[in-house]
Amino acid sequence: MTEKDLLKEAIEARNQAYVPYSNFPVGAAAVNGDNEIFSGCNIENASYGLTNCAERTAVFKAVSQGNQDLKTIAVVADTDGPVSPCGACRQVLSEFFPSTGKVILGNLKGDIQVTTVAELLPGAFQAEDFHDGQNV
């Protein structure tokens, strides 16, 4: 699967976004080691704190279906430059992707930035940071 193919999946997921408050739809598509795709969109709530971003929707969908070996994710929104994940999404990506996991950031104009999970969140809090190391 090419970067453009995965971005296309993210754009399709973006069409399902529920964004009555921000009118800012975002789509994401994650791929696991078997090249299965898990897409997601942002889902807002009148109580803004309950809103879920597209990246986390895609990751949680994959995990809820028994897939934790994610390797690449693409994220798309209608922004001037490639869209940037929020801090909460960066932390979630660091939990379910390897530090070298590819993150493809895009926009509707076709601009693309490819980075890694470690580059997005250096020094991420990890399961190994727990004192007893048994919370994994």
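**Contacts and sheet**

The side chains of Lys102 and Glu3 form a salt bridge, at 3.4 Å from N to O. The term covers a side-chain nitrogen of Lys or Arg within 4 Å of a carboxyl oxygen of Asp or Glu, and by this rule the count comes to one. Because Lys102 belongs to strand 4 (residues 102-107) and Glu3 to helix 1, the pair ties together parts 99 residues apart in sequence. Lys102 is partly exposed, with a relative accessible area of 32%, and Glu3 is partly exposed at 27%. Here buried means under 20% relative accessible area, exposed over 50%, and partly exposed in between, with a 1.4 Å probe and protein chains only.

This is a predicted model, in which local features need pLDDT of at least 70 and side-chain atom pairs count only at pLDDT 80 or more, while totals for chains, interfaces and linings use all residues. Residues are numbered from 1 along each chain as its sequence is written, and side-chain values use heavy atoms, with hydrogens and water left out.

Helices (H or I, at least four residues) and strands (E, at least two) are DSSP runs, numbered from the N terminus. Five strands form an open sheet of mixed pairing, in the order 2-1-3-4-5; two strands pair if DSSP finds at least two bridges between them. Strand 2 and strand 5 (112-116) are the edge strands, each pairing on one side only. On average, neighbouring strands of the sheet are turned by 15° against each other, direction ignored. Strand 3 (residues 70-77) and strand 4 run parallel and are joined by six bridges. Ala77 stands opposite Asn107 in strand 4.

Helix 1 packs on the sheet, touching strand 1, strand 2, strand 3, strand 4 and strand 5, and its direction makes about 55° with that of strand 3. Contact means heavy atoms within 4.5 Å. Axes are lines fitted to C-alpha atoms, for helices over the stretch in contact, and angles run from 0 to 180 degrees between N-to-C directions. Helix 2 lies across strand 1, strand 2 and strand 3, at about 140° to strand 2.

The structure also holds two aromatic pairs. Rings of Phe, Tyr and Trp (its six-membered ring) pair if their centres lie within 6.5 Å; planes under 30 degrees apart count as stacked, over 60 as edge-to-face and the rest as tilted. Tyr21 and Tyr48 form a tilted pair, 5.9 Å centre to centre with 55° between the planes. Phe125 and Phe130 form an edge-to-face pair, at 5.6 Å and 85°.
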